[in-house]
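Open the model in your viewer and keep the selection panel at hand. The stops below tell you what to select next and what you will find there.

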Amino acid sequence: MKSNPNDSTLGKQVGLTCCPTCNKVTCAKSACCSRCDTKLIIRDYASLQKSWALLITAAILLIPANLYPITTLTNQGKVTQDTIFSGIAHLVKTDMIPIAIILFTASILVPLLKIIGLTIYLTAISFKLPISKKNLMIGFHIIEWIGRWSMLDLFVISLTVAVVNMGQLLDAKPAPAATAFALVILLTQLAAKVIDTRLLWDRLESKNDSSTNT
Amino acid sequence: MASDALDNSVTLCRSCDLVIRKRALPSGVRALCPRCHTQLYDTPYCSINGMLALCITAIIFFFPANTYPVLELEFLGSMRTTTVLEGAIAVYQQGYWVVAVAVMTAAVIAPGILLVSILVQIVIIKYGLQHSLLRSILKQALKLQGLLTQLTMLEIYVISFLVAAFNLADFATVSFSFGTFCFTMLFIMHLFLLREYDIEHMWSFLEK
């Protein structure tokens, strides 16, 4: 190995691999990690297919999650159903802009950006698109970090449903989009978790070398 | 090359497989992968006794946080309260079990298991490293740590109190109570506990 800082020797090339569970560096020839007994995989090529499958399912479920109502509210005998978007629109109308912004980010922006971002990411690996790997990876780290915040809407629904139960006077119930929305969160989180990010850096190697050196 | 790994002078980036020479870091500084900016390692140190104190405090707050009401609502003279668990059960009773399981896992089950798991890890490290059975329990607990941390979403639940309160303030009088205080304290203790927790340091006890 050279001492050049721009040197990009890969673990694969020198017969080392890192344990997916405990991050210990071990000889790639051994079958299991010496520290935690997890099976060692140098590159998980099947993870790309798994991730695509999860992502496509999530993208399909995003449609019912946004079109169907997510809560049913009975206020003095009058029944109204709110979708994610109309709920936020109502908040804007009643001048609760900060809460509206939080909910808009957590329930509409984050799931949508997560699906678009992961699609770009997976397309770049599958079809070897010439997109800067550094930007893709920064995007991926943001997706990993912010993705869980979509759970906010489900927590709010569960608190609201539990506390607002006065029959015909005032009553809140969840509606079908809640399940679809929960599944969107679960599937997109899994899609980001299963993907072996090392594949990105392997497959775009030749393209990126020419773009960074010039 | 394989011998390099044994003396721990070389590490691999888990996101892009780049070979990186380890350097000593001042405390509080984190090494990032030069190629993909993934966090690589920091000073592998955590105070076991400090963690024990935080962990016990968090467990003490865990019980009132889940048994006392976190949100109270007054509407035309009648009062409704809810705990975190009742919130999940209410959604379950409406038939939305997927949502109920998600709420239960992220707000009650995962944090509970995480705290017990850390407590068990600390006790084993302090008193029971000689026994092979306890060592294998420690190993399993450390393997689960990453998953449990990801499933624990206390910070999001704390924000959801506020959002729910503002949402409902439109119809009725909403107030927080003792449970809200305990839940927020549970969140703060868990935050500091995980800041102190260093998985690499915990693994190193098993290698001795």
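Begin by selecting Leu186(B), which, leaving aside residues up to four places away in sequence, touches Ala58(B), Phe61(B), Phe62(B), Ala65(B) and Leu154(B); touching here means that the C-beta atoms, placed from the backbone, lie within 7 Å. Before you go further, note that this is a predicted model, in which local features need pLDDT of at least 70 and side-chain atom pairs count only at pLDDT 80 or more, while totals for chains, interfaces and linings use all residues. Residues are numbered from 1 along each chain as its sequence is written, and chains are lettered from A and ligands numbered from 1 in the order in which they are written.

Next, colour the two chains separately and look at their contact, which takes 54 residues from chain A and 53 residues from chain B. On the side of chain A, helix 5 (residues 151–163) gives the most, with 11 residues; helices (H or I, at least four residues) and strands (E, at least two) are DSSP runs, numbered from the N terminus.

Now select the open sheet of chain B, whose three strands run in the order 6-5-7 with antiparallel pairing, where two strands pair if DSSP finds at least two bridges between them. Strand 6 (78–82) and strand 7 (173–175) of chain B are the edge strands, each pairing on one side only. Strand 5 (residues 71–75) of chain B pairs with strand 6 of chain B over five bridges, and Glu74(B) stands opposite Met79(B) in strand 6.

Finally, turn to two loops of chain A. Asn23(A) sits in the loop between strand 1 (16–18) and strand 2 (25–27) of chain A, and its phi is near 65°, a positive value in a residue other than glycine. Most residues other than glycine have a negative phi. Is Asn23(A) buried or exposed? Asn23(A) is buried, with 20 other C-beta atoms within 10 Å. Asp37(A), in the loop between strand 2 and helix 1 (46–67) of chain A, also has a phi near 65°, and Asp37(A) is partly exposed, with 15 other C-beta atoms within 10 Å.

Notes:
Buried ≥ 20, exposed ≤ 12 C-beta atoms within 10 Å, placed from the backbone.
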